[in-house]
Number of protein chains: 2
Amino acid sequence: MNKVLTISVFDELRDLLGDRVTQDTDICREHGAGYSYHTCMPPDLVVYPSCTEEVAAVVSICARHKVPVIPFGAGTSVEGHVAALEGGVCIDLRQMHQVIQVSYEDMYVTVQAGVTRNQLDKLLERGGFFFPIGPGVNATLGGMAGTRASGTNAVRYGTMKDNVLALTVVLPDGQIIQTGSKARKSSAGYDLTRLFVGSEGTLGVITELTLRLHPCPETIRAAVCMFPTVEAAVKTAITTIQKGIPIARVELLDTVMMRAVNQYSYLDYDEKPTLFMEFHGTAGEVDEQVRKVQEYAEAQAVSGFVWADDEPSRTRLWRARTDAAPAAMALIPGSQLMGTDVCVPISRLAKCIVDTQADAEATGVLAPIVGHVGDGNFHLTMLIHPDDPDGFEKAKDLNERLVLRALAMEGTCSGEHGIGMGKLPYMPMEHKGALQVMRAIKQAIDPDNRMNPGKLLPPI
Amino acid sequence: MNKVLTISVFDELRDLLGDRVTQDTDICREHGAGYSYHTCMPPDLVVYPSCTEEVAAVVSICARHKVPVIPFGAGTSVEGHVAALEGGVCIDLRQMHQVIQVSYEDMYVTVQAGVTRNQLDKLLERGGFFFPIGPGVNATLGGMAGTRASGTNAVRYGTMKDNVLALTVVLPDGQIIQTGSKARKSSAGYDLTRLFVGSEGTLGVITELTLRLHPCPETIRAAVCMFPTVEAAVKTAITTIQKGIPIARVELLDTVMMRAVNQYSYLDYDEKPTLFMEFHGTAGEVDEQVRKVQEYAEAQAVSGFVWADDEPSRTRLWRARTDAAPAAMALIPGSQLMGTDVCVPISRLAKCIVDTQADAEATGVLAPIVGHVGDGNFHLTMLIHPDDPDGFEKAKDLNERLVLRALAMEGTCSGEHGIGMGKLPYMPMEHKGALQVMRAIKQAIDPDNRMNPGKLLPPI
């Protein structure tokens, strides 16, 4: 954005928002990177609206001046979603943290887009309901919708696409629309809710969300167990899914990740391919699920089952999984983490993981793996050694080979991180002719390409 | 379509498809109505392609001549989806009935769009998996995707939107694209699969679908039970959902419908608001679900529980529900049925039903009700008396008041039938500003408005 334009937009925004607009260099820089390895690209201005109407007014001003708009939640994206590639105005939604309505009877909650996962958890704590989607960080619900996030519970409860009933969206021209309704299903017209979920801010700004709640299970049991091979662990997960066991979480940590976890959290698990599992239901249902899954696991030479029934011991058990990212980074002090994810049909998962492990080893990149194996989705957490001048290039190449491997297996280049700018090169390969339909939609809704430009759709 | 154009298009299609193109008046008329009360509007031509490439060639010819294209499955739509309002070419997809791939390991099946529900059921019979979405008729899978169909299992297994992994679509210019992938989830770009599901043939022709399969439950139990009031029946269903019981089906039949069912099928159920239920799981899980739901039902003064455990008795029990439409029509010999559906948040369902019953009675229209109550979705089956000259107008008005009632309750004008042309007037009321986004998408993908014109989007 040129200087004259910046001054003029700044003045208009200042009239609207008072001191909730800033061009402070440090703040702008904080908003230009997210949790990603991508170069920081700061916006020209950051604004902090507190309601949908203010967002609409901000977007209108930007529309009039033809200035880019980048929505910003908690900044936890790993694919460079928040980088202001062409400058412009970053809309930080974190002051939009109001809970608008909770209906336990209809099992939904309506929140402003800046409400975070942890805030929502706390709100629901005593209501007997929970919201199942949880990425590994304290993201905002708006950001999670934007990237179609999922996490460890998706195998049973689905992803953001399955758990958003309705949205309030500010369109590129500043108009406010509602998508969906409070009914649990509808066949009335194009599914705009599902279109905006996963659109990464490129079609408008999500300002409010109505989310499906799920009743808290009566009983929860968690377990950790080890397998001789990745294949054996994955086979156990696949059998569980195929037999219709409604397992709530089934996470794979590979040998390298188990080593990281042991070191980081002072644990002494066997360093083998490991499943972290969780079962939800009534006491009887959970017993039955556990009995069956143990049987499938035993057929795969499982060892070292550890169980956690009460809340504190479950939290302790899961902490090893939740701390996977810092644990991985601690393997190489001073390293930088480059995280990536792909998703493949579950029958191809074991081969995809094993081939990727071999590739990482051959490339000389330490890259522990965690996977949401029930969905065929896994993360490669590549550690870039501070002393390796080619580390970044090696990791980039490894990432590319992983994506090509997943696509060759009829999978997708991203299961839950989104495209941002990191996965742009793979969009034509994955979608081929369908990409032109995505472009047509973008052009129809955001003809000036001002909404988070340079993300999701590669340049022509 | 004018005569010269028809001849020219006919010749080109005949070159392509030989005798699989017809302008026979009777056949064209059969393709112009579906199961709906709407006036039959026959296409000029009907074609029977056998593969995606042939559909693409047909659509290309139509594009060159700027001729409307209407996709046709089993013709079971009730909202006038198949009416050729501007003439044109009807693409009957029933010769596309090949099963392309079945993967039990990855739990999906890929089929051509003309495969029907019954055909798919039969195919899966011995594989240990099933496809859960079943409207009350033997629709094609392509048609079911087109209208975002659901049915009695949706409360547990979701609707078509939740069970389609990937699509092959022929775009309005004849290009073939793939949406989605065989991975169970993805966050790679706009969700085109969910955009085409429910688009009612207005954006392209769905020619192939990859569908999620679910493992057949080890144990299935079904039950019928009666309640003193609609409220008591609905309350039982709501409690079941709120408590997280994964009930597979929970259907309400009101008193009038129970009378219809008794008469039609020579049964002697108490003529009271009745729930038909089905439980899926392991033996232990089903026992536990049943015990709990019985408890909730008893708190609502339930009576007359009838159970069905083995397959033949379950089929017998469910036949009463499946035959609801013909049973309703038999209440008034010679009557015409006008079916409609709405969906509301479940807390509003009982009031919506009771108010609608009162409205029907005051209007003098016999209108039995069946409802997928776990989702807040119900059908009003209005019977138009052959001797009542105002019958049709009365039913239309009753339908309109029902839709307005549902919208006032934050619901939707259609839970599963779609818009077609029957629900067009309610699209602006339900979607307000969002309608312009739908129009922009339609304009972007089908700029000449040739794909099923006059459906889903009301004229401006």
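Q: Where in chain B is Tyr266(B) placed?
A: Tyr266(B) is in the loop between helix H10 (255–265) and strand S14 (274–281) of chain B. Helices (H or I, at least four residues) and strands (E, at least two) are DSSP runs, numbered from the N terminus. This is a predicted model, in which local features need pLDDT of at least 70, side-chain atom pairs count only at pLDDT 80 or more, and totals for chains, interfaces and linings use all residues. Residues are numbered from 1 along each chain as its sequence is written, while chains are lettered from A and ligands numbered from 1 in the order in which they are written.

Q: Why does Tyr266(B) count as exposed?
A: A residue is exposed if 12 or fewer other C-beta atoms, placed from the backbone, lie within 10 Å of its own, buried if 20 or more do, and partly exposed in between. Tyr266(B) has 7 such neighbours inside 10 Å, so Tyr266(B) counts as exposed.

Q: What is the phi of Tyr266(B) near?
A: Phi of Tyr266(B) is near 50°, a positive value in a residue other than glycine.

Q: Why does Met107(B) count as buried?
A: Met107(B) has 22 C-beta neighbours inside 10 Å, and therefore counts as buried. Met107(B) lies in the loop between strand S5 (99–103) and strand S6 (108–112) of chain B. Its phi is near 55°, also a positive value in a non-glycine residue.

Q: What makes Val21(B) buried?
A: Val21(B) is buried because 21 other C-beta atoms lie within 10 Å. Val21(B) belongs to strand S1 (residues 21–22) of chain B.
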